[in-house]
Amino acid sequence: MADIKEEQLNKLEQAQLDFISTVSHELRTPLTSIRGFADTLLSSYDKLSPEQREKFLHIIKDQSNRLIKLVENLLTVSKMQSDKDLLIYKSVDVPSFVDSVVQMIKLKYKTHNYECNFAKNLPKILVDTDKFQQILLNIIDNASKYSPEGSKVKIDVKQNFDENTVSISVQDNGIGISKEDIGKIFNKFSRIDSPLTRKIYGNGLGLYITKTLVEKMNGKISVESDNNGSCFTVCFKAATPEDSGIKKIKE
Ligand code: ADP
C-alpha cells in the first residue's frame, strides 16, 4: 500500500518536473530571441539599414506576442484546474455567436475566406460564453493557421435530432494530421513535428484547453483529418425553454 502511494507521488513529482522543464524551454526560446535582437539594435543601431531595424523590431514584437500567448494559456490551464473556476451558463444563439467570432478571426487572417452555413431553426445551447468563445477561437484559429493563405475555412452548424445536440464543424484545406498523430493532439504541450508545422508558431496548449473546456460543459469534441485538411467538430446539448435565463454553476 505504502509502495503504491510512493510510486504515485514519484509520478506526480516527475510530471511536475517535466511541466516546469517544458514551460522553461517555451519561455527561454522567445526571450533569447528578444534579447539577441534588442542587443543587436543597441550595439549596431547606426550600422543597420532602416529595413533591418524594422525587421528586427517586428521579430521582437512577434516573439513578445508568443510569450503573451503562452502566459495566457498557462493561466487558463491553471484556472481550469482550480476549483474556483466558475462556469456561468447562458443560452446562446449559435449562428450570431459564430459570426462574431469569425469577425474577430478575420482581423488576424485577412486573406482566408470563411464560409458559414447555418441550419434553419437551430435551438440555442447552454454554455459559458467566455469559454465557448475560447473554444471557437482556438479551432478556427488553428484551421486558419494550418492552412495556406487565401484558402477556405468552412463552418457548418447543424442540429443532431437523435442526440438533441447542436454541432459546430470547422473544416479547413490545410496540412492535415496523420492517423498516428491524431491521438496525441489533445495532450498538453503536444505539437506535431514536421517541416510544415515547424514554420508555424504554437505552444501545444490550445487543443488541450479546448477539449478540457468542451468536456467541462458536457460537450464533445472530435476530429477527422486526411491529406486534404482537417475537420474539428464540437457538440453541445440543445437548451430547453426553461434554460433561457442565466444560471451560475460552480465547477
Ligand atoms: P498549437 O499551439 O501548436 O497550434 P494546439 O494544441 O492548438 O497547439 O494543436 C496541437 C497540434 O495539433 C498542433 O501543433 C498541430 O500540429 C495540430 N493541429 C491542430 N489543429 C490543426 C489543424 N486544423 N490542421 C492541422 N494540424 C492541426
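Tutor: In this predicted model, axes are lines fitted to C-alpha atoms, for helices over the stretch in contact, and angles run from 0 to 180 degrees between N-to-C directions.

Student: At what angle do helix 4 and helix 7 pack?

Tutor: Take the two axes of helix 4 and helix 7. They lie 9 Å apart. Helix 4 passes helix 7 in a left-handed crossing. The packing angle is about 140 degrees.

Student: Which residues of helix 7 does helix 4 meet?

Tutor: Start from helix 4. It brings Lys-131, Gln-134, Ile-135, Asn-138, Ile-139 and Asn-142 to the contact. By class, the contact has six nonpolar, five polar and one charged residues. On the helix 7 side stand Gly-206, Leu-207, Ile-209, Thr-210, Leu-213 and Val-214.

Student: Is helix 2 roughly parallel or roughly antiparallel to helix 7?

Tutor: Helix 2 (residues 50–81) and helix 7 (residues 206–216) have axes 10 Å apart and pack at about 30 degrees. Angles under 35 degrees count as roughly parallel. Helix 2 is therefore, relative to helix 7, roughly parallel.

Student: Why do helix 3 and helix 4 count as oblique to each other?

Tutor: Helix 3 (residues 94–108) and helix 4 (residues 129–145) pack at about 50 degrees, with axes 10 Å apart. Roughly parallel needs under 35 degrees, and roughly perpendicular needs 65 to 115. The pair is therefore oblique.

Student: How many residues in the contact of helix 3 with helix 4 are nonpolar?

Tutor: This crossing is right-handed. Helix 3 contributes residues including Phe-97, Val-101 and Ile-105, and helix 4 contributes residues including Phe-132, Leu-136 and Ile-140. Three contact residues are polar and two are charged. The nonpolar ones number eleven.

Student: Which residues come nearest to the ligand?

Tutor: There are 21 residues around the ligand. Asn-142 has a side-chain N or O atom 2.8 Å from a ligand oxygen atom. The nearest are Asn-142, Tyr-146, Arg-191, Asn-203 and Leu-207.

How values were computed
Residues are numbered from 1 along each chain as its sequence is written. This is a predicted model: local features need pLDDT of at least 70, side-chain atom pairs count only at pLDDT 80 or more; totals for chains, interfaces and linings use all residues. Side-chain values use heavy atoms; hydrogens and water are left out. Helices (H or I, at least four residues) and strands (E, at least two) are DSSP runs, numbered from the N terminus. Angles under 35 degrees count as roughly parallel, over 145 as roughly antiparallel, 65 to 115 as roughly perpendicular and the rest as oblique. A crossing is left-handed if the near helix is turned anticlockwise from the far one by less than a right angle, and right-handed if clockwise. Contact means heavy atoms within 4.5 Å. Ala, Val, Leu, Ile, Met, Phe, Trp, Tyr, Cys and Pro count as nonpolar, Asp, Glu, Lys and Arg as charged, and the others, Gly among them, as polar. A residue is near a molecule or strand if one of its heavy atoms lies within 4 Å of it. A polar contact is a pair of N or O atoms within 3.5 Å; within protein, one must be able to donate a hydrogen and the other to accept it, and residues adjacent in sequence count only if both atoms are side-chain atoms.
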